Each structure stands twice: as structure tokens, then as C-alpha cells.
Amino acid sequence: MDILRFLTAGSVDDGKSTLIGRLLYDSKSIMVDQLEAIERSTKNKEEGRVDLALLTDGLRAEREQGITIDVAYKYFSTPKRKFIIADTPGHIQYTRNMVTGASNSDLAIILIDARHGVVEQTRRHSIIVSLLNLPHVVVAVNKMDLVHYSQDKYNDIVIDYSQVAASLGLKNVTYIPISALNGDNIVEKSTSMPWYDGGSLLSVLETVEVSEDINLTEGRFPVQYVIRPQTEELPDYRGYAGKIISGIYRKGDKVVVQPSGIESTISAVELGGKEVEEAFAPQSVVLHLADDVDISRGDMIVKQDAPVQVAQEFEVVLCWMSNTPLVPRNRYLLQINSRNVRCVVKELEYKLNVNTLEKELSPVSAGLNDVVKATIKTASPIAFDTYQKLRANGGAILIDETSNVTVGACMITTQASEKPFWPEI
Amino acid sequence: MSAYKLDYLDQLESEAIHIFREVAGQFERPALLFSGGKDSIVLVHLALKAFRPGKFPFPLVHIDTGHNFQEALDFRDYLAETIGEKLIVRNVEDTIKAKGLTEQKGKLPSRNGLQTYTLLDTIEEFEFDACIGGARRDEEKARAKERIFSVRDEFGSWDPKLQRPELWNIYNGRINKGENVRVFPISNWTELDIWNYIRRENIELPSIYFAHEREVLEFDGRLVATNEFVQLHESDVVTRKTVRYRTVGDMTCTAAVESSASTLDDIINEIIATNTSERGQTRIDDRVSEAAMEDRKKNGYF
């Protein structure tokens with residue numbers, strides 16, 4: 001049994017909350033007392049049907065306004081998998097919440113209302129999924145009951161969306177016609193759509209292969225903390241504590257400590273306090289090196305056979321998350337894994353309006369929810385990979401040092417001057 | 001299947017250890033809020049995995065409401081001694097006396113609200129900048145929205161609308177003076193995950209989690225252990241039943257469940273079969289209003 005983390009993109013109007021409620025309900029993850037609470041708050045009871053959407057609205061304001069403000073996490077399990085749902089709001093003003101939810105997801109469910117087909121919002125959600133480089137996408141064409149379960153209608157939407165997916169370079173796209181309200185193709189295959197020969201949504205979620213999304217070839221180990229007991233029994237113990245974010249580490253492996261570039265060899269790997277032969281991503285371990293080198297939090301122990309990029313200047317695609325605008329030459333703190341460095345955002349190359357898809361060249365500033373291409377220069381070098389290549393070592397956040405708030409999410413595209421990966425839209 | 005594939009419990013464990021080490025790396029004076037309940041016992045177990053053979057970079061802190069089960073208190077002292085880590089206890093009773101606070105009245109007087117005063121005083125006394133807690137997002141819908149690093153102002157308040165975005169596995173623990181961060185390493189665990197992990201790791205628990213005989217009051221469909229803090233009326237129905245606790249909180253606000261589950265296997269089977277949620281079945285304080293937890297969190301509660 002493993003874990004699938006997924007995100008649902010869509011608005012209340014697309015039936016997103018109903019879909020999540022349906023998944024929880026049909027997988028028997030909703031308890032009687034929770035259901036009773038929903039029944040109490042269901043205002044318009046029709047045909048004794050409870051409003052499953054109410055399950056996902058956690059805050060008072062959300063229930064009052066019938067909207068989702070923030071990312072809510074929901075959990076359910078089947079005998080095959082544990083699922084973690086990031087339920088994010090769909091409206092434009094909450095783009096940053098969707099980016100947040102997507103950053104930790106393996107898969108995105110993009111909801112399309114069968115009556116309306118691919119709309120502006122579908123494109124915007126898909127751009128975010130592409131930006132955050134989610135390895136799997138499920139397009140759920142919802143409300144099929146309202147288009148008389150029409151195969152033609154569904155096929156048209158699949159053709160339309162395929163173009164969006166191709167232009168954004170989305171990988172592994174699966175299409176499913178559903179009705180969240182009636183439960184068609186959610187857990188069981190629907191008898192109303194005999195023409196559909198794929199699996200139900202739950203069976204797709206249960207079987208999509210995510211273990212291959214973990215990179216086991218390029219060893220990256222950001223040091224979080226140094227364990228030094230300095231006791232009588234262990235006077236010289238010095239272990240580097242951290243999580244392997246990619247690759248496999250074995251005793252005897254040649255490594256390079258970045259950004260200093262010092263070389264050494266792994267002398268021991270400890271997992272849960274016991275020495276082991278090898279450890280792999282995403283395990284949290286303690287590494288020991290054969291040489292007495294100066295390593296502290298923020299350094300990265302990299303496998304010598306898979307060099308990392310080390311630079312002070314690089315290009316990023318950046319999603320701005322603050323009400324205070326981003327102005328070129330502003331200074332921030334950049335955090336990538338355990339490393340914090342001061343940085344300056346140099347020129348903004350262009351700004352992408354994720355709603356209209358218009359590109360504005362050399363903008364003077366970026367506002368909340370804007371996506372921009374920018375160059376960042378750091379005060380000291382950082383060790384990174386491009387986000388496209390290695391998600392775990394290509395994402396960074398920007399922190400405003402005066403308020404300490406997280407103001408931006410960066411996906412590193414290249415070392416400055418190299419060719420960008422970002423698909424042309 | 002690849003040999004390099006982690007089981008879900010291994011994934012959850014690794015994520016929690018990573019969060020613990022982020023706390024150690026980012027804060028100067030963290031603390032682990034320990035209640036004696038199963039979730040905080042699991043936290044201690046994870047901290048051992050994160051920091052041994054070194055010492056914990058934080059003390060265990062218990063805010064004792066004075067309404068705790070003796071079994072939980074005994075276990076707390078036993079555990080702290082066994083692992084050789086520092087335990088700080090602060091009493092709600094002392095805060096009530098020192099500050100002249102008014103206690104709740106009624107049949108089941110809860111000190112849940114008063115607990116927050118002692119917690120905030122303790123944070124101030126030791127200048128804690130981060131408090132690690134065992135809250136889980138599956139417990140309650142306000143908790144479902146909380147970050148893993150949750151910034152609180154000097155009144156301990158949680159502002160759900162002003163939460164920092166939390167991206168990838170990057171945690172921003174930077175705070176202004178007077179603020180502190182509540183950290184929840186087991187945010188992504190469910191009740192069943194906790195029990196499965198306890199079974200897998202063979203983690204010791206206080207005896208009240210297992211079936212035992214106890215005198216209980218039947219109150220509003222729940223079973224509340226009779227004790228000096230519960231005001232009995234002659235019309236009350238008090239019986240002896242075989243029960244266990246699914247959660248361990250204050251004696252006045254935690255209900256027992258009728259059960260003969262005496263082993264971890266029994267408990268897990270019972271939880272798989274149950275149709276009632278953990279808090280719904282055992283927490284009397286959540287039923288006050290739809291937003292009871294949200295309101296408490298805004299006021300500095302855990």
C-alpha cells in the first residue's frame with residue numbers, strides 16, 4: 001500500500017466539492033456523525049439527498065458564502081492506497097492556493113462541466129498543473145447526466161482538451177465521463193454510459209503508477225541538522241540528518257558537498273537509528289562521511305556520479321503570492337530545501353496573465369497571482385536542478401524579510417543564458 | 001514492483017521526521033507539547049528516530065489541566081524517564097489561582113478554554129518559538145485547513161485567512177518577535193494510520209486505551225467516567241461497563257467507548273468497523289457548535 005496525493009481543480013459550479021464528497025462517501029470514509037452534521041446543515045433537501053459539498057467546507061465563512069477559501073486536506077483509503085486530497089479553490093483570486101496544493105501533488109483532477117466544455121478556467125488550471133509539472137492528469141468530464149450521457153458531447157470535449165494538453169506539454173492525461181452527483185463512474189462503472197470503455201475514477205486513482213515519479217538515479221541529500229551527541233560513549237559521533245530527496249545512497253559512495261565542492265565518501269548510512277546497507281528517496285536518514293569536513297544545515301551531499309548545478313544566477317518561473325507587488329531589484333530571502341540565501345529579483349522578462357493567456361513583455365511589476373518569468377541572483381551559490389528535471393530540487397520559495405511572509409513560489413528553469421524549458425503558450 | 005518503494009507508513013514516518021528536523025534546524029527554543037495521548041506518544045517515538053543517538057533539541061512540555069486521567073499522567077512520567085528527556089509541567093490550576101480565572105460550571109466543567117491561558121504563559125515563560133503538537137488534519141474540519149508550520153501571533157491566535165502558502169516540502173519558520181509557530185508533524189496521518197503505526201512499531205501506550213472495567217455515567221448518549229469533577233445528580237444512571245478510550249483528553253470532556261478490545265489487533269479491527277468519527281464519538285467539547293474548534297484555534301488553542 002502506498003500514497004497518492006492529488007489535487008482537484010475546478011470550482012463549486014463544476015461540482016468539485018460534490019466530487020470529493022462522493023469519493024469520501026462511496027469509499028465509506030464519512031462517518032455517521034459527520035453525515036448527521038451535514039444533514040443538519042443541508043438547507044435545501046431534495047429527494048432526501050444530502051449536500052455532499054458541505055463535507056469539504058471547513059471554515060465558517062466558507063459555509064456561509066458557499067465557497068472554498070483555502071486549501072483543505074482530506075483523507076481516505078481503499079485496500080490498495082491511502083489518498084491525500086488537496087481541495088483547492090478554483091477562482092482566479094485563489095490561484096496561489098491552487099499552486100500550493102499542486103506543489104505537493106502527484107496527480108491533478110481537472111473538472112470540466114459537460115455542458116460548457118473547455119472554458120477559460122480549464123485553461124488556467126491546466127497552465128498551473130503544467131507549471132508545477134504534475135506527472136499525471138485526469139480530466140473528469142462532469143455532469144454527464146445533464147447532457148443525457150451523450151458520447152458525442154464527451155468526445156468533443158476530449159478533442160478540445162487534447163489540444164490544450166498538447167500545447168502545455170501535459171503528460172499522462174486520462175479522460176473519464178462522470179456524474180459526481182449521481183455517482184456515475186466514480187467508484188463503480190456507470191450503466192448509463194456503456195460506450196465508455198475505461199475504468200471508474202477511483203480505479204484510475206488506485207492504479208496510476210507513482211513510484212516511477214521518484215528519481216532514483218541522481219543522489220541529492222540536503223542537510224537539515226547535524227547530530228553531535230558529544231557524550232562519553234559517543235565523543236566523536238557526527239551524523240548528517242536529512243531526507244534523501246532523490247537517488248540512492250550506499251556506504252562507499254563517492255559524494256560531493258555543495259556548494260563548497262568538497263569531495264568525500266559515505267562511511268555509514270543510518271535509518272531509524274540502525275546502520276543499513278543503503279537508503280533511497282524519500283527516506284529520512286543520517287549519513288556519515290569518511291572525512292572530517294565542515295558541513296552544516298543548508299549544504300547538500302550530492303552523489304558524485306550525478307552532478308548538480310551550482311550557480312548564483314538563474315531563471316525562474318515565479319508565481320507571486322503577496323498583495324505587495326513584486327518590483328524588479330527587490331530583495332528577498334530564497335529558501336530551497338534547507339538552504340536560505342539572500343537574493344535579488346533582477347529583470348522581469350514577461351508576465352503571463354493566466355486568465356487571458358496574454359503575455360506582457362518587461363512588466364514594471366507583478367501582483368498577487370501573477371505568473372512571471374524572472375532572473376534571480378543570490379548572495380551565495382545554491383545547488384539546484386531544473387524543476388522540469390527534478391521537482392524536489394528545483395522549487396524554491398521567496399520570503400519577505402521584513403514581514404517573514406512567503407511571497408513567491410519559484411520553479412527554476414535554467415541557469416541564466418541556457419534555453420528555457422517552459423512550453424510556449 | 002521495485003525494491004525501492006516505500007510503504008505508506010514509511011512515507012508518513014519519513015515526512016514527520018523531516019518536519020521534526022526542520023524544527024531543530026530553524027528554531028532556537030522549540031518545545032514538544034506532550035499530552036500523554038496516543039498521538040503525542042507517537043510524536044515522541046518519531047523524535048527518537050529523528051534525533052538519536054543525540055538528545056532531543058527540545059523539552060517535552062505538558063499543560064496539566066488537573067482533570068487528566070491518572071493513567072495518562074503516570075505514563076507521561078514513565079516515558080520521560082525511560083527516554084531520559086526533560087519534562088516541563090505547568091498546571092492550569094496555578095494559572096486559575098494566580099490570575100483569578102473563572103472556572104466553567106455545570107455537570108461537566110471543561111478546562112479546555114483555560115488551558116490556553118497556561119499554554120500562552122508557558123510559551124512566554126520559556127520564550128518558546130515553536131511548539132510541536134500532535135494535531136491531525138483528519139480530526140476536524142478546521143484542522144483540515146491548517147498548515148504544518150502554523151504561525152500564531154502573541155495571543156496565540158490562528159488567522160485562517162492569513163495563512164502562509166506552504167509549498168513543496170519547504171517550511172518557512174521565520175517569525176517576528178512575539179510570534180510563535182505551532183508545528184504538526186503528523187498532519188497527514190489518520191486515526192487508523194496512527195494505530196497501524198503503533199502496532200508496527202510496537203509502541204507502548206497507557207492502559208486506558210485498552211478494554212477495562214470502569215464506573216461510567218451515561219450522559220447524552222456517551223459514557224463519561226465518574227470522578228470528582230463530574231457533578232452527579234440522583235437521576236443519573238451510573239453503571240459499571242467494560243470500556244476503553246479512543247482518545248485521551250480531560251476526564252470531563254472525553255467519553256469512553258464500550259469495548260472489549262484488549263489488544264492492538266482488536267482495536268484496529270474495531271476502528272475499521274466503526275461508523276463514528278474519533279472526535280464525534282469521544283469529544284464532548286466539539287459538539288457545542290459547528291465551528292467550536294475553529295473558534296478555539298482562533299483564541300490560541302492547539
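This is a short tour of a predicted model, one selection at a time.

**Before you start.** Residues count from 1 along each chain as its sequence is written, while chains are lettered from A and ligands numbered from 1 in the order in which they are written. In this predicted model, local features need pLDDT of at least 70 and side-chain atom pairs count only at pLDDT 80 or more, whereas totals for chains, interfaces and linings use all residues.

**Stop 1: the whole model.** Show everything; the scores here are ipTM 0.91 and pTM 0.92. Chain B has an average of 86, and 92% of its residues reach at least 70. Where pLDDT is low, the coordinates should not be read in detail.

**Stop 2: chain A.** Select chain A and switch to cartoon view to find seven helices and 22 strands. Helices (H or I, at least four residues) and strands (E, at least two) are DSSP runs, numbered from the N terminus. Of the 425 residues in chain A, 50% are buried. A buried residue has 20 or more other C-beta atoms within 10 Å of its own, with C-beta atoms placed from the backbone.

**Stop 3: the domains.** Colour chain A by domain: 2-213 is domain 1, 220-303 is domain 2 and 309-415 is domain 3. These bounds come from an automatic or database domain assignment. Which parts of domain 1 of chain A touch domain 3 of chain A? Helix 4 (95-103) and helix 5 (120-131) of chain A each supply at least two residues, and helix 5 gives the most, with five. In total, 12 residues of domain 1 are in contact with 14 residues of domain 3 in chain A. Two residues are in contact if their C-beta atoms, placed from the backbone, lie within 7 Å.

**Stop 4: where the chains meet.** Show both chains again: 47 residues of chain B are in contact with 53 residues of chain A. On the chain B side, select helix 1 (8-26) and helix 2 (38-51), which each supply at least two residues. Helix 1 of chain B gives the most, with nine residues.

**Stop 5: the core.** The largest nonpolar core has 194 residues, and A:Ala140 is one of those that touch the most other members. Such a core is a set of buried Ala, Val, Leu, Ile, Met, Phe, Trp, Tyr and Cys residues joined through C-beta atoms within 7 Å. Zoom in on A:Ala140: leaving aside neighbours within four places in sequence, its contacts are A:Leu19, A:Ile109, A:Leu111, A:Ile176, A:Ile178 and A:Leu201.

Key:
A residue is buried if 20 or more other C-beta atoms lie within 10 Å of its own, exposed if 12 or fewer, and partly exposed in between; C-beta atoms are placed from the backbone. pLDDT is the predictor's confidence in each residue, from 0 to 100.
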